[in-house]
Amino acid sequence: MHNRMMTSVRGRIERNFGDELRFFKGWMKNPKNVGSIIPTSDVMAKRMASVIDIGSGLPVLELGPGTGVITKAILQRGVAPDLLYCVEYSAEFAKKLHHDFEGVNIVEGNAFDLETTLGDAKSLTFDCVVSALPLLSFPKALRVSLIKDLLERIPAGRPIVQFSYGPLSPVPPIAGVTVRHLEFIFRNVPPAQIWTYRKTKDLSN
């Protein structure tokens, strides 16, 4: 019994260390696109996944899944694998996600060009968007453009949920968009803020 328990604990430690090492290597290769040297905590992942409306029957879009901490939380929330679309820029992370999450739609590509990246899924309406993109690493105009694009892919009133290490929303005010601070997650390294964005009017103009 003791040996089995020790083996199980050792296995979890090795898996977590492997994820953190992989994340660190990804950060070293491209710090702009990874954003942090430590993967998202389980606490923050579960809080972000909590905004999903399981009863909607709509697919969920995840941006920047990395090593899959938030992906796991989304599936645990009750989203069927075939209703989850994960857009990952890193080929190495995408490969690991394919291995770890059978049945999930892992899409390797640029989240800032979803018309191209999503391919046949570009016309889907998603319940919500769960994003771990390091938005503060990108120009303000690009951040605004992304949020507007994402809000057109989900029903009015449904959220984009985004975390950031900065004290303020990583996206400036946008006409027709409600910005809300969801929670401060102290149990994350570094501590992070979670924000939501909802459309209140047509943004196509």
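Student: What helices and strands does the protein chain have, and in which pattern along the sequence?

Tutor: In this predicted model, the protein chain has seven helices and seven strands, and along the sequence they follow the pattern α-α-α-β-α-β-α-β-α-β-α-β-β-β.

Student: And how many of the residues count as buried?

Tutor: The protein chain has 205 residues, of which 45% count as buried; its accessible surface comes to about 10,800 Å², with 56% of that belonging to carbon and sulfur atoms.

Student: Which residues have the most contacts inside the largest nonpolar core?

Tutor: That core has 27 residues, and those with the most contacts inside it are M48, I52, V60, I70, I74, V130 and F163. Two or more residues each come from α3 (42–49), α4 (69–77), β2 (84–88), α5 (91–100), β5 (159–164) and β7 (192–199). A second, separate core has 26 residues, among them L118, A121, I154 and V171.

Student: Back to V60, what is it in contact with, leaving aside neighbours within four places in sequence?

Tutor: Apart from those neighbours, V60 is in contact with I52, I74, V79, L83, L84, Y85, F126, D127, C128 and V130.

Student: Now E62: where does it lie, and is it buried or exposed?

Tutor: E62 lies in strand β1, which covers residues 60–63, and it is buried yet has no salt bridge. The nearest side chain of opposite charge is that of K96, 12 Å away, whereas a salt bridge needs a side-chain nitrogen of Lys or Arg within 4 Å of a carboxyl oxygen.

Student: So what is E62 in contact with instead?

Tutor: Leaving aside neighbours within four places in sequence, E62 is in contact with I70, T71, I74, L84, Y85, C86, V87 and V130.

Student: Which residues of α4 are buried, and what do they pack against?

Tutor: In α4, the residues V69, I70, T71, A73 and I74 are buried, and the buried residues of this helix pack against α3, β1, β2, α5, β4 (129–131) and β5. After α4 comes G78, which has a positive phi near 120 degrees.

Student: Changing topic, what is the average pLDDT of the chain, and where is it below 50?

Tutor: The average pLDDT is 84, and 78% of the residues score at least 70. Over residues 5–28, however, pLDDT is below 50, although the model gives this stretch 23 contacts beyond near neighbours in sequence. Residues 31–37 also stay under 50, and for them the model has 23 contacts beyond four places in sequence.

Definitions and conventions: Residues numbered from 1 in each chain as written. Predicted model: local features only at pLDDT ≥ 70, side-chain atom pairs only at ≥ 80, totals over all residues. Heavy atoms only, no water. Helix = DSSP H or I, 4+ residues; strand = E, 2+ residues; numbered from the N terminus. Buried < 20%, exposed > 50% of the residue type's maximum accessible area, 1.4 Å probe, protein only. Areas by Shrake-Rupley, 256 points an atom, 1.4 Å probe, with all protein chains shown as cover. Core = buried A, V, L, I, M, F, W, Y, C linked by side-chain atoms within 4.5 Å. Contact = heavy atoms within 4.5 Å. pLDDT = per-residue confidence, 0-100. Lys, Arg positive; Asp, Glu negative; His and termini not counted.
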